[in-house]
Amino acid sequence: MTSQSQGIHQLLQAEKRAKDKLEEAKKRKEKRLKQAKEEAMAEINQYRMQRDKEFGLKQSKVMGSQSNLSEEVDERTLGKIKELNGSYNKYMEVVLKQLLNMVCDVKPGIHVNYRATH
């Protein structure tokens with residue numbers, strides 16, 4: 001009987017050791033999964049920071065060129081305004097004289113389409 005009870009006792013101990021090993025393996029697995037998740041998050045954050053930096057550089061490059069384009073458009077606009085003002089000042093007197101001559105120098109006459117009716 002004692003050998004049978006001793007065999008059962010050994011089986012129970014082996015079962016307990018196996019259960020402990022399983023729990024230890026589960027804990028190691030959970031720890032490794034947690035560590036892998038943290039590593040992945042760190043890698044994701046590093047990638048995100050890199051992409052944000054690249055985006056910032058591209059954005060500043062584009063915005064810089066947009067401000068250059070804006071300045072160029074402003075310069076062209078001012079140049080065109082100066083050109084139009086110069087043209088206005090140059091031809092204002094001539095056009096005004098022509099307009100006054102047309103209005104003031106009225107030459108009365110019969111219209112070419114007029115037909116005398118009797």
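Start by selecting E24 and R28: both sit in helix 1 (residues 2-104), four residues apart, or about one turn of the helix. Keep in mind as you look around that this is a predicted model.

Now show the side chains of that pair. E24 and R28 meet in a salt bridge, with N to O at 3.0 Å.

Next stop: select R32 and E39. These two form a salt bridge as well, and the closest N and O atoms are 3.9 Å apart. That still makes the list because the cut-off is within 4 Å. How exposed are the two partners? R32 has 44% relative accessibility and counts as partly exposed, while E39, with a relative accessible area of 42%, is partly exposed too.

Now move along to K80 and E83. Where do the two residues sit relative to each other? K80 and E83 are three residues apart in helix 1, so about one helical turn separates them. Colour by accessibility here: K80 is partly exposed, with a relative accessible area of 45%, whereas E83, at 51% relative accessibility, counts as exposed. E83 gets that label because exposed means over 50%.

Conventions
Residues numbered from 1 in each chain as written. Predicted model: local features only at pLDDT ≥ 70, side-chain atom pairs only at ≥ 80, totals over all residues. Heavy atoms only, no water. Salt bridge = Lys/Arg side-chain N within 4 Å of Asp/Glu carboxyl O. Helix = DSSP H or I, 4+ residues; strand = E, 2+ residues; numbered from the N terminus. Buried < 20%, exposed > 50% of the residue type's maximum accessible area, 1.4 Å probe, protein only.
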